[in-house]
Amino acid sequence: MKRRLIMNDIYNFAKSIQNFPRSLTGNGVRQTLSAIKKINNNLKKFEIPTGTKVFDWTVPKEWNVIDAYIINPKGKKICDYKNNVLNLVSYSYPFKGKMNLEKLNKHLYSIPKQPFAIPYVTSYYKQLWGFCISHNKRKKLKKGIYKVIVNTKLFKGHLTYGEILIKGKNKKEILLSTNICHPIMGNNEISGISVLTYLSQWISEIKNKKYSYRIIFIPETIGSITYICKNFKNLKKNIVAGFVLSCVGDERSYSFIPSRAGNTLSDKVAKHILKWKVKKYNSYTWMERGSDERQFCAPGVDLPVCSVLRSKHGYYPEYHTSLDKLGTVATKKGLGQSFKLYQEFIMAIEKNCIPKTTSLCEPFLQKKNLYPKERQNISFVSDASNFISLSDGKNDLIDIAEKCNLPVWNLYELVEILKKKKLIVIKNIA
């Protein structure tokens with residue numbers, strides 16, 4: 001895939017799904033999964049019935065919106081859901097009635113410090129109805145009688161998620177996950193959906209894949225809990241690395257959230273690639289986690305999953321507001337950069353191995369035609385000698401790259417040369 005072409009494809013896909021009315025459940029989620037399936041036909045949808053027990057949680061009712069708005073005293077429609085899905089508190093229960101401004105204000109949400117922003121508010125597990133409005137517009141509301149219409153349906157339906165399984169030579173798996181419950185906002189979470197959709201397509205095209213890939217599109221928290229509950233044994237047995245893709249669309253600094261253990265293959269690969277590709281990035285602790293890494297790394301689950309983002313959720317001003325726009329916050333360039341970075345993560349895991357030297361003491365490189373006559377290529381000898389000296393059958397490729405102070409991709413070809421010359425043997429990680 002050419003870089004500019006894939007950037008355009010990811011961005012155009014993001015635009016195509018931005019207005020789907022996504023929430024924890026419902027038809028907007030299904031629309032999004034149908035769009036993903038058009039890019040990667042291997043996606044399968046799963047429907048988990050309302051009331052299903054998943055560990056300490058219960059799958060909630062399904063929620064869909066027919067219409068929602070307010071009519072002001074002059075007969076003008078405001079807070080219209082059809083104009084912006086953020087205008088309605090997600091999971092608002094049905095309501096129809098009239099009330100004065102004082103009573104209406106108890107059901108309105110705005111952000112005084114961001115007067116032009118419509119906030120994103122949810123009420124998944126507490127029964128209420130409400131509308132979100134910019135603070136500037138809220139201040140202009142006049143006294144009088146307002147008509148409120150919340151035409152929603154909460155019923156025993158399903159929680160829906162999508163999964164793509166891509167088989168490699170090995171049954172051991174890499175887990176890649178993103179959320180499909182956030183509506184309209186560009187960085188959180190249209191970016192994760194779009195980048196992972198095209199990453200899944202790219203992974204499908206890798207020849208001779210070492211690992212299998214488990215790629216999931218799930219609603220946040222209840223989706224990951226449900227998925228883990230339904231797939232616990234397989235996840236525990238086979239996952240060797242994993243990443244949560246969230247907020248990967250802007251062009252600001254990168255962010256890293258470690259797994260709970262902090263020393264998994266995922267952590268090691270992420271920090272190494274970030275060091276060489278990004279140079280400076282924000283490194284957070286496990287105590288600053290925020291997305292589904294909370295569930296994948298929970299005690300007893302303990303999957304090797306970390307998260308690499310651009311601006312961390314909750315740490316950029318447009319987060320969870322209408323200001324988080326596709327084209328301004330999440331950009332074509334930002335989406336493309338994150339796609340490329342995750343390609344590097346995947347390749348580093350695919351190429352990773354544990355080399356072991358076949359000789360005692362240093363091998364005679366000249367006899368193997370590995371000692372260049374040209375002085376400018378003498379660095380090859382240094383790299384090869386250092387590599388072999390660290391090939392003790394304990395260090396993996398990332399460890400060796402770190403100790404040699406080289407980016408791991410500089411070692412990919414060297415490994416193949418030394419294997420061909422029978423100077424090392426290779427042990428796979430899994």
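Let's start inside: at 0% relative accessibility, Ser92 counts as buried. Keep in mind that this is a predicted model.

**The loop between S5 and S6**

- Ser92 belongs to the loop that runs between S5 and S6.
- What does the side chain of Ser92 reach? One of its polar atoms lies 2.7 Å from the backbone oxygen of Val89.
- Once neighbours within four places in sequence are set aside, Ser92 is in contact with Trp63, Leu128, Trp129, Gly130, Val150, Thr152 and Leu154.
- Tyr91 is found in that loop too, between strand S5 (77-78) and strand S6 (95-100).
- Tyr91 has a positive phi of about 80°, although it is not a glycine.
- Is Tyr91 buried or exposed? Tyr91 is buried, because its relative accessible area is 4%, and the cut-off for buried is under 20%.

**Another positive phi, at Asn405**

- Asn405 is not a glycine either, yet it has a positive phi of about 55°.
- You'll find Asn405 in the loop between helix H11 (397-404) and helix H12 (412-420).
- Asn405 counts as exposed, with 51% relative accessibility.

- Look for Thr52 in the loop between strand S1 (44-49) and strand S2 (53-54).
- Thr52 has a relative accessible area of 15%, so it is buried.
- The side chain of Thr52 reaches the backbone oxygen of Pro49, at 2.7 Å.
- Which residues touch Thr52, leaving aside its neighbours within four places in sequence? They are Trp57, Thr58, Val59 and Lys230.

**Asp392, between two helices**

- Asp392 sits in the loop between helix H10 (378-390) and H11.
- Asp392 counts as partly exposed, at 39% relative accessibility.
- The side chain of Asp392 reaches the backbone nitrogen of Lys394 at 2.8 Å.
- Not counting residues up to four places away in sequence, Asp392 touches Pro355 and Lys356.
- For a sense of distance, the C-alpha atoms of Asp392 and Ile203 are separated by 31 Å, and these residues are 189 apart along the chain.

**Cysteines without a disulfide**

- How many disulfides does a search of the whole structure find? It finds zero.
- A disulfide is a covalent bond between the sulfur atoms of two cysteines.
- Cys181 counts as buried, at 2% relative accessibility.
- Cys247 counts as buried, at 0% relative accessibility.

**The largest pocket**

- The largest pocket holds about 520 Å³ of space.
- Its lining has 20 residues, and the closest to the centre are Asn72, Lys76, Ile78, Lys137 and Leu141.
- Sorted by class, the lining of the largest pocket has eight charged, seven nonpolar and five polar residues.

**The second largest pocket**

- The second largest pocket has a volume of about 390 Å³.
- Of the 18 residues that line the second largest pocket, Asn208, Lys210, Glu350, Lys351 and Glu416 lie nearest its centre.
- Which elements give two or more residues to this lining? They are helix H9 (332-351) and H12.
- H12 gives the most to the lining of the second largest pocket, with four residues.
- By class, this lining has eight charged, seven nonpolar and three polar residues.

- Rolling a probe the size of a water molecule over the atoms shows where empty space is left.
- The structure holds one cavity of 30 Å³ or more.
- The largest cavity has about 80 Å³ of space.
- The residues that line the largest cavity include Trp63, Tyr81, Ser90, Tyr120 and Pro183.
- The lining of the largest cavity divides into nine nonpolar residues, two polar and one charged.
- Trp63, part of that lining, is also one of the residues in contact with Ser92, where we began.

Conventions: Residues are numbered from 1 along each chain as its sequence is written. This is a predicted model: local features need pLDDT of at least 70, side-chain atom pairs count only at pLDDT 80 or more; totals for chains, interfaces and linings use all residues. Side-chain values use heavy atoms; hydrogens and water are left out. Buried means under 20% relative accessible area, exposed over 50%, partly exposed in between (1.4 Å probe, protein chains only). A polar contact is a pair of N or O atoms within 3.5 Å; within protein, one must be able to donate a hydrogen and the other to accept it, and residues adjacent in sequence count only if both atoms are side-chain atoms. Contact means heavy atoms within 4.5 Å. A disulfide is a pair of cysteine sulfur atoms within 2.5 Å. On a 1 Å grid over the protein atoms alone, a cavity is a set of points where a 1.4 Å probe fits but cannot get out, and a pocket is an open set with protein on both sides within 12 Å along at least five of seven lines; lining residues have an atom within 4 Å of a point. Grid points are joined across faces, edges and corners, and a volume is the space filled by probe spheres set on the points. Ala, Val, Leu, Ile, Met, Phe, Trp, Tyr, Cys and Pro count as nonpolar, Asp, Glu, Lys and Arg as charged, and the others, Gly among them, as polar.
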